[in-house]
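Let's take a friendly walk through one protein model, stopping at a few spots along the way.

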Amino acid sequence: MAEDELAAFRERWKEELTSDKDERQLVCAASSDARGRRDLKNSYFQNWENLNEARSPSREAKGGCVQGASAGSDSEDQPEYVSIARSLLDGRTSPLRDRIQEERTRRKRQYQSMTSACSASLQQQRLQQQPPERKGKKEEELLDQLIQDLNEVNDIPFFDIELPYELALKIFQYLGRAELGRCAQVSRAWRALAEDGVLWFRMCTAEGHHQEAGVSDSPCWKSTLRDCRRSARTVRSNWKNRVGSISQLQFELGKVLCDVSCSDRFVLAGYTSGDVRLWDTLHWDSPASFLKVNGLSANCVPRPPVSHVQVNSTVAAAAYEDGCVDLWSTETGGEPVHHYQSPERIRALALSPDGAALGSAAGAHVRLVGADDRGYWRELCRARLPKNVESLVLVPGRGQLGPLAALSAGDAVHLLDPRWGGGPRTLHSVYAHPVTCLDASASQVAFGVKRAGWAAHDGGNKIHVCSLETGKPVACVGDSLGDFTCVGLRDSAPHLLVCGNKDRRVTVFDLRAGASVASLYAHHLGVTAVQADDWKVVSGGGEGLVCVWEMRTGAKLWEMHNRHPVRRVRFNAGTLVTANVPDDKSPRGACITDDDLTAHRRHRGVICHYDFSEDALSQDHILPICRSDYVESSGYNYNIGLAVPYDRLPGSRPPL
């Protein structure tokens with residue numbers, strides 16, 4: 001029934017219910033013609049009562065007549081469906097569920113008998129009274145309409161009218177995509193709720209898409225989520241089939257790669273010449289920017305080589321062999337925004353993944369620096385450990401709490417927080433069990449421990465996981481004869497930990513069960529770098545091989561090889577950055593400063609950037625070394641494996 005017709009019907013119903021009580025007269029099957037000609041503007045509930053009394057066996061036997069009761073007795077003796085009807089007229093479209101259910105059950109049993117009794121009574125009135133025939137027919141239609149309305153109340157929930165829209169939206173937010181799709185098919189009101197932009201915006205951000213966006217940034221978040229999921233499926237297929245573009249970072253002659261650091265957007269590299277270069281992966285074809293060194297290092301001839309580099313979304317840092325540390329802004333570049341000098345060579349450098357905080361370790365001395373609200377860098381704390389620091393990691397996700405550093409020194413793991421003021425706290429320490437690798441997430445820290453001597457029989461080397469909040473061990477996994485060389489906890493999926501070992505294996509552990517999920521025989525010279533997400537594992541080895549694995553099946557999807565060990569592996573949803581850093585920074589037998597392309601390519605190291613989000617049919621999909629136009633007389637872009645024929649390359653010389 002349309003809304004305007006339903007409203008008109010209710011108004012007409014109210015007028016009949018509020019009519020004068022004196023018009024409610026005796027209704028009897030054997031009434032006279034004079035009373036039969038009376039106006040039948042009675043309420044439908046009184047007709048229903050008279051029909052129920054007319055079909056009563058005791059009343060029919062006595063042959064008596066039933067007279068309308070008073071207003072007070074009517075309200076007490078009237079059946080439950082009358083109160084339901086009155087609530088409908090008052091606008092309360094959802095009565096108590098239990099009363100509706102009871103009335104529905106009783107009505108199903110008596111519906112057939114009531115309609116038959118009603119039809120018999122009205123037919124008898126039409127036979128005895130010809131003029132009121134049309135009114136009796138009208139009353140019968142309205143009575144059927146009443147029964148139909150009561151069925152609608154029971155079968156179709158009206159909570160979208162009764163409940164506030166915000167409360168109904170709160171209920172719908174616990175549904176998934178499939179459940180919302182089914183609810184959208186119930187009615188127009190449910191469809192409006194199921195397709196509300198707030199629901200799909202929350203679902204989109206919960207899956208990791210458009211984290212920085214607002215609700216008003218998209219006209220239809222349902223379509224946006226559909227496009228994001230379709231794009232994610234395409235990217236996953238490109239990962240598995242190695243479909244995408246690859247770029248190699250070229251550099252000038254005479255410079256050997258020393259260290260590489262990556263973030264979601266930037267790649268930072270340091271060289272033996274003392275140069276530091278920054279690449280923006282969002283604009284990969286643009287030239288890299290040179291970051292200027294401080295005045296003291298610039299005046300040194302020759303300039304000291306770079307030992308460590310670190311970068312995040314806002315800050316880039318580099319440490320030199322002479323103990324100097326420079327910090328730059330990734331937005332402005334150019335001159336350093338902060339500089340300090342350490343008395344010894346920097347052994348470890350760590351930058352907060354999501355904040356402006358830097359930690360450095362020179363020997364046994366540790367220093368933490370950070371930026372205040374105005375952007376000025378200052379020293380936060382200094383500490384001295386009993387042994388030389390080998391690894392340093394800053395805990396992510398600290399926000400306004402300040403930096404928290406996890407350090408490994410010999411056979412102990414320490415935590416350093418500037419707020420404590422009492423120096424570092426020992427998290428783990430076992431004599432003659434050195435720590436071989438270290439990583440930290442927002443709530444946990446994981447480190448590999450080498451067992452030797454009297455404890456060699458105790459299950460081999462282990463990976464320990466401790467809680468940063470309580471300082472207590474959470475899990476102890478692994479049972480390997482080889483040393484653990486790398487561990488990935490921060491970038492792994494929740495409850496998963498991936499680690500590499502000198503025994504050539506990459507192992508993925510489930511921290512909830514303390515068991516191995518996947519064990520992959522990867523690299524014959526040991527694993528040097530590793531990272532994993534919820535479905536794939538990327539590993540690098542000492543032989544220069546980069547392997548991509550599917551975690552569920554343990555199958556190797558593809559591999560790429562370059563000279564020198566893989567020291568850095570980092571990927572996100574659609575990109576992968578690998579760095580092959582040579583161990584020998586001063587190669588013998590060849591002078592790479594000369595104009596010798598072969599010697600330079602052999603010793604300089606290489607950084608590769610893979611982009612799996614691009615279309616395979618685009619021009620950028622072709623490898624850079626295969627994009628040469630064969631016109632230039634110098635450069636590295638000579639052909640080693642054509643991707644397309646000569647005559648299809650733009651700018652190629654016509655055949656003679």
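We begin with A317, which sits in strand β7 (residues 315-320); helices (H or I, at least four residues) and strands (E, at least two) are DSSP runs, numbered from the N terminus. This is a predicted model, where local features need pLDDT of at least 70, side-chain atom pairs count only at pLDDT 80 or more, and totals for chains, interfaces and linings use all residues. Residues are numbered from 1 along each chain as its sequence is written, and side-chain values use heavy atoms, leaving out hydrogens and water.

Is A317 buried or exposed? A317 counts as buried because its relative accessibility is 0% (buried means under 20% relative accessible area, exposed over 50%, partly exposed in between, with a 1.4 Å probe and protein chains only). Leaving aside residues up to four places away in sequence, A317 touches several others, among them L268, W328 and L358 (contact means heavy atoms within 4.5 Å).

Next come two strand pairs (strands pair if DSSP finds at least two bridges between them).

| Strands | Sense | Bridges |
|---|---|---|
| β22 (residues 484-488) and β23 (residues 496-501) | antiparallel | four |
| β24 (residues 505-510) and β25 (residues 515-521) | antiparallel | six |

Over in β25, A518 stands opposite V508. The hairpin of β24 and β25 has four residues between the strands, and G514 takes a positive phi near 70 degrees there.
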